[in-house]
Amino acid sequence: GRSLSPCQSDASRRHCRIDKEKSGFISLVSRYLSGNEEQIEWGKIHTPTDEVVVPYDTLAAPPEDLAATKALLDKLAVLKLNGGLGTTMGCTGPKSVIEVRNGFTFLDLIVVQIEVGSLNKKYGSNVPLLLMNSFNTHDDTLKIVEKYANSNIQIHTFNQSQYPRVVADEFLPWPSKGKTDKDGWYPPGHGDIFPSLMNSGKLDLLLSQGKEYVFIANSDNLGAIVDMKILNHLIHKQNEYCMEVTPKTLADVKGGTLISYEGRVQLLEIAQVPDAHVNEFKSIEKFKIFNTNNLWVSLKAIKRLVEADALKMEIIPNPKEVEGVKVLQLETAAGAAIRFFDHAIGMNVPRSRFLPVKATSDLQLVQSDLYTLVDGFVTRNAARTNPSNPSIELGPEFKKVGCFLGRFKSIPSIVELDSLKVSGDVWFGSGIVLKGKVTITAKPGVKLEIPDGKVIENKVSFQDAC
């Protein structure tokens with residue numbers, strides 16, 4: 001019989017993974033130290049054509065037929081990046097377990113979408129969900145996914161790599177200097193998804209199940225739902241990689257954009273832009289689109305490129321100070337891998353596919369009458385005529401989810417709101433309506449309570465509940 005490869009048993013598979021992580025880390029560090037990062041030559045940058053960044057509205061309609069749709073879905077796996085903690089919003093544990101609306105967490109919505117909303121129940125398909133955790137979220141996530149054990153969806157969890165933080169002034173791994181707890185380590189960014197998929201054994205598992213594409217998205221992007229038009233297009237055109245981009249607004253000027261460079265499509269991030277061109281990069285005229293981090297990637301191509309060690313994405317040095325020690329985290333981004341794949345494209349999608357919840361101000365949008373929730377899908381209210389969402393700025397009193405929820409008896413109506421700025425100790429009653437441009441400021445030391453049912457339109461300062 002065939003002898004087992006050295007990575008077959010669980011224990012040896014774990015050793016193999018650790019060996020691969022070690023060599024991955026060493027290669028990242030040596031690439032960083034060699035200083036051979038290519039500099040972008042500004043004159044060689046071209047705006048991509050519609051062949052390279054395909055307008056979503058030019059896509060062919062997907063098949064109507066149930067069997068044909070099922071055949072497409074059977075080639076798909078969905079992967080959510082689940083490594084982030086909810087700390088910036090004052091929550092412990094994975095960010096994906098923050099309640100978004102009607103008692104549903106990000107993870108609940110993702111499971112309901114795949115299971116009920118559109119896919120597995122409707123078409124009898126078997127679209128699996130993968131969660132890429134970091135060592136910060138892994139244990140909690142394992143407990144949380146138990147509640148979906150009886151649902152009609154296969155959930156696979158795996159860990160991304162765990163690299164040692166590097167002590168900046170000596171350039172030595174912090175754990176080797178006696179820092180043995182969790183703080184000595186870091187997850188090296190989502191560019192690590194490709195080797196981690198491979199090292200965890202999940203990539204080969206998906207290929208053995210006949211899967212061809214993985215749809216990757218951040219777990220906090222409520223707009224990142226499976227789209228049959230995109231899947232159908234990629235399978236027919238055999239594009240190995242597709243990055244969803246969407247038109248920039250003034251709020252997105254720092255987002256990475258796609259360019260044509262020396263005959264290939266590639267991601268240009270603000271960190272790579274020479275100082276003299278930063279304002280040009282931020283302009284909406286020349287660089288009109290930005291990366292949503294919704295990515296569709298061929299599984300076979302990932303396998304080929306990881307095995308060839310060909311994914312040499314730009315290194316993002318992330319300096320931090322932990323317990324008074326200056327450390328460096330070397331990271332990479334999944335979007336930067338686009339230039340290594342064949343027939344890679346961007347897809348210029350509607351803004352509705354990008355609805356990230358990064359702060360409580362985003363939660364206010366999503367929990368308001370601006371959106372409805374049906375079958376796990378968060379859909380924008382057609383009554384709002386303005387295509388862009390209101391801008392909301394909440395003071396530090398609202399930063400933590402618990403405090404934010406406590407300060408609203410109910411979330412105000414904001415369908416006709418353009419902008420809201422709240423500062424100071426402000427408390428909202430129920431049934432409040434906000435319209436136009438509203439600024440609400442409580443004087444220092446004053447608790448400002450806005451009464452139930454109040455309609456506030458184009459008010460600049462609302463110091464007392466007049």
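User: What makes Phe398, Phe404, Phe408 and Phe428 a cluster?

Analyst: Ring pairs link these four residues. Rings of Phe, Tyr and Trp (its six-membered ring) pair if their centres lie within 6.5 Å. This is a predicted model, where local features need pLDDT of at least 70, side-chain atom pairs count only at pLDDT 80 or more, and totals for chains, interfaces and linings use all residues. Residues are numbered from 1 along each chain as its sequence is written, and side-chain values use heavy atoms, with hydrogens and water left out.

User: How many aromatic pairs does the structure hold?

Analyst: There are 13 aromatic pairs. One of them joins Tyr163 and Tyr186, with 6.3 Å centre to centre and 80 degrees between the planes, and is edge-to-face. Tyr163 sits in strand β8 and Tyr186 in strand β11, 23 residues apart. Strands here are DSSP runs of E with at least two residues, while helices are runs of H or I with at least four, both numbered from the N terminus.

User: Why is the pair of Phe290 and Phe354 called edge-to-face?

Analyst: Planes under 30 degrees apart count as stacked, over 60 as edge-to-face and the rest as tilted. The planes of Phe290 and Phe354 stand at 80 degrees, with centres 5.1 Å apart, so the pair is edge-to-face. Phe290 lies in strand β16 and Phe354 in the loop between β19 and α11, so the pair ties together parts 64 residues apart in sequence.

User: How do you know whether Ser196 is buried or exposed?

Analyst: Buried means under 20% relative accessible area, exposed over 50%, and partly exposed in between (1.4 Å probe, protein chains only). Ser196 has 2%, so it is buried. Ser196 belongs to helix α6. Leaving out residues up to four places away in sequence, Ser196 touches Met132, Phe158, Asn159, Gln160 and Ser161; contact means heavy atoms within 4.5 Å.

User: What makes Lys248 lie over the face of Phe281?

Analyst: The rule asks for NZ of Lys or CZ of Arg within 6 Å of the ring centre and within 35 degrees of the ring normal. Lys248 is at 4.9 Å from the ring centre of Phe281. Arg407 lies over the face of Phe398, at 5.4 Å.

User: How are α2 and α8 placed, parallel or perpendicular?

Analyst: Their axes come within 10 Å and cross at roughly 75 degrees. Axes are lines fitted to C-alpha atoms, for helices over the stretch in contact, with angles from 0 to 180 degrees between N-to-C directions. Under 35 degrees counts as roughly parallel, over 145 as roughly antiparallel, 65 to 115 as roughly perpendicular and the rest as oblique. So α2 is roughly perpendicular to α8.
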